[in-house]
Amino acid sequence: MEFREFSAKTVDEAITKASLEFEVSSENLEIQIVSEGKVGFLGFGTKPAIIKAAKKEVEKSLPKEPKKKPSEVIKEETKKNTPEVEKEIEKEKPREEKKVIVRSEEEIENMKAEAEKFLSGVFQAMNMDVEIKMEYKPSEENLDIEFVGKDMGILIGKRGQTLDSLQYLTSLVVNKGTQGYVRVKLDTEDYRNRRKETLENLARSIAYKVRKTRKTVSLEPMNPYERRIIHSALQGNRYVETYSEGNEPYRHVVVKLKNR
C-alpha cells in the first residue's frame, strides 16, 4: 500500500484531493492525518492541513456497516416509524404553494424552551459551556439555533455527523405535539456555509474529472441535504449529469457524462 501526501486548507479538502487523485470515494481510502492545519490572523501563521492517503486493497474496499453510535441507532429506528420529512429533489418539479402556519408568540417560546432544555441537558452531560442562540423565522417555518463557545469542533464531528445527529434529535423534541412541521437547523462557527462551499467545489472538481476521463464517479455517502447541494451545483452543467443510488445511510451521488 503506497501512501501519498496531500495538503489543503482543511482536512476535508485534502481528503477531497486524495479522492480525486485515486478516483475513489474516501470510504475506499486509508487516511492518516499528519496535521490538521492552523488558521492564522490576517493570513499570517496559517498552516495547511496535511494527510497521507492510500487506496485500500480490493478485499478491504467492500462496504462494511460501521458500529453505530446511540444517536444514530435512535435516528434510524425513529425513521422506520415516521414519514420522511425531506425528499431529495434530483430534478425540477413544480411545487404546490405551501400554506404558512401562523404561530403565536407563546407557541414559539415553548418551542425554544423545549429545544434549550434538551440541548442544555446534552451540553451539561458533555461538561461543555455553550451559549445557545435561537431565532424563529415564520416565513420559512425554521428554528435556527447557533452554538457559541470553545472547542465547537467536538459538536461538529467528522464531516458534521455529530451536528447532524444532534439536529435530528432536537427536531424530534421541537416537533413533538407541534402543529405542522418546524425545520430545525443547528450551526456553529458558520460550519453549514463552509461545508456547502466545500461540496460545491467538490462537485465542480468531480465534473471536470468526469469530463476529462469520461469515467463515471461515485461520491461517498451523504445525507439528503448534502446530496441536494451536489445536484444543484451541477444541475446546469453541459457535460455531466447526476443521480443518487443506494439505500440510507449509504445513499450517494453518482456523476456521469451526459449522452450526447
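**Figure 1. The structure holds 8 salt bridges.** The model is predicted.

**Figure 2. Aspartate 164 and arginine 192 meet in a salt bridge.** The N to O distance between the two side chains is 2.8 Å. Aspartate 164 belongs to helix α5 (residues 161–175). Arginine 192 belongs to helix α6 (residues 191–213), so the contact ties together parts that are 28 residues apart in sequence. Aspartate 164 counts as buried, because its relative accessibility of 15% falls under the 20% cut-off. Arginine 192, at 9%, also counts as buried.

Figure 3. Glutamate 200 is partly exposed, with a relative accessible area of 22%. Lysine 196 is partly exposed as well, at 32%.

**Figure 4. Lysine 256 and glutamate 241 form a salt bridge between strands.** The N to O distance is 3.9 Å. Lysine 256 lies in strand β9 (residues 252–257), and glutamate 241 in strand β8 (residues 240–245). The pair links distant parts of the chain, 15 residues apart. Lysine 256 has a relative accessible area of 23% and is partly exposed. Glutamate 241, at 31%, is likewise partly exposed.

**Figure 5. Arg103, Glu107 and Glu141 make up one network.** Salt bridges that share partners join these residues.

How values were computed
Residues numbered from 1 in each chain as written. Predicted model: local features only at pLDDT ≥ 70, side-chain atom pairs only at ≥ 80, totals over all residues. Heavy atoms only, no water. Salt bridge = Lys/Arg side-chain N within 4 Å of Asp/Glu carboxyl O. Helix = DSSP H or I, 4+ residues; strand = E, 2+ residues; numbered from the N terminus. Buried < 20%, exposed > 50% of the residue type's maximum accessible area, 1.4 Å probe, protein only.
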